[in-house]
Amino acid sequence: MTEKSCLFCRIMAAEISSDKVGESDDALAFRDVDPKAPTHVLVIPKVHVPTLPELAASHPEAALAVLTLARQVAEDDGVGDAYRLVCNNGADAGQSVFHAHVHVLGGRPLAWPPG
Ligand code: AMP
């Protein structure tokens with residue numbers, strides 16, 4: 001299930017190039033084009049669902065695959081001891097691409113609370 005107009009579905013279909021760093025049956029990981037930290041990777045489900053919480057409700061195995069690949073990416077990038085998973089849900093929370101994704105951020109000190 002993909003959406004023709006969805007940026008991340010198009011990346012998945014290789015219609016738009018990406019710097020892919022990992023993949024599993026249900027998830028794909030690629031570097032964010034505008035990195036906010038030395039490690040900034042996006043992990044997306046292969047199924048098109050707008051947000052991660054909705055994905056967890058409709059496709060729990062895909063939500064698990066996203067988190068599993070996120071951990072793998074952090075370890076592969078050498079930040080497995082300290083990294084942040086960010087999931088923006090809704091435009092007012094900073095979501096700009098409405099295909100579920102988790103940001104994997106690491107490689108520098110990360111302040112709390114986030115802005
Ligand atoms: P969000 O704002 O949480 O929806 O995150 C969307 C992310 O997608 C942003 O951090 C963008 O920098 C990133 N992004 C947008 N276009 C691309 C692209 N073509 N390749 C990789 N990352 C992208």
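Visitor: How do the residues of the shell around the ligand divide into nonpolar, polar and charged?

Guide: The shell around the ligand has seven nonpolar, six polar and three charged residues. Here Ala, Val, Leu, Ile, Met, Phe, Trp, Tyr, Cys and Pro count as nonpolar, Asp, Glu, Lys and Arg as charged, and the others, Gly among them, as polar. The model is predicted, so local features need pLDDT of at least 70 and side-chain atom pairs pLDDT 80 or more, whereas totals for chains, interfaces and linings use all residues. Residues are numbered from 1 along each chain as its sequence is written, and side-chain values use heavy atoms, with hydrogens and water left out.

Visitor: Which residues around the ligand come nearest?

Guide: A residue is near a molecule if one of its heavy atoms lies within 4 Å of it. Of the 16 residues around the ligand, D32, N88, G94, S96 and H103 come nearest.

Visitor: Which elements supply at least two residues of the shell?

Guide: Helices (H or I, at least four residues) and strands (E, at least two) are DSSP runs, numbered from the N terminus. Both α1 (7-12) and β2 (27-31) supply at least two residues of the shell; α1 gives the most, with three.

Visitor: What lies 2.8 Å from an oxygen atom of the ligand?

Guide: A polar side-chain atom of H103 lies at that distance from a ligand oxygen. The side chain of D32 has an N or O atom 2.5 Å from an oxygen atom of the ligand, and S96 places a backbone N or O atom 2.7 Å from a ligand oxygen. The protein buries 82% of the 500 Å² that the ligand exposes when taken alone (Shrake-Rupley method, 1.4 Å probe).

Visitor: Why does Q95 count as buried?

Guide: Buried means under 20% relative accessible area, with a 1.4 Å probe and protein chains only. Q95 counts as buried because its relative accessibility is 5%. This residue is found in the loop between β4 (83-86) and β5 (102-106). The side chain of Q95 reaches the backbone oxygen of P50 at 2.9 Å, and a polar atom of that side chain lies 2.8 Å from the backbone nitrogen of G90.

Visitor: Where is T51 found?

Guide: T51 is in the loop between β3 (39-45) and α2 (52-58). With a relative accessible area of 12%, T51 is buried. Its side chain and that of E54 are joined by a polar contact of 2.6 Å (a pair of N or O atoms within 3.5 Å; within protein, one must be able to donate a hydrogen and the other to accept it, and residues adjacent in sequence count only if both atoms are side-chain atoms).

Methods
Buried < 20%, exposed > 50% of the residue type's maximum accessible area, 1.4 Å probe, protein only.
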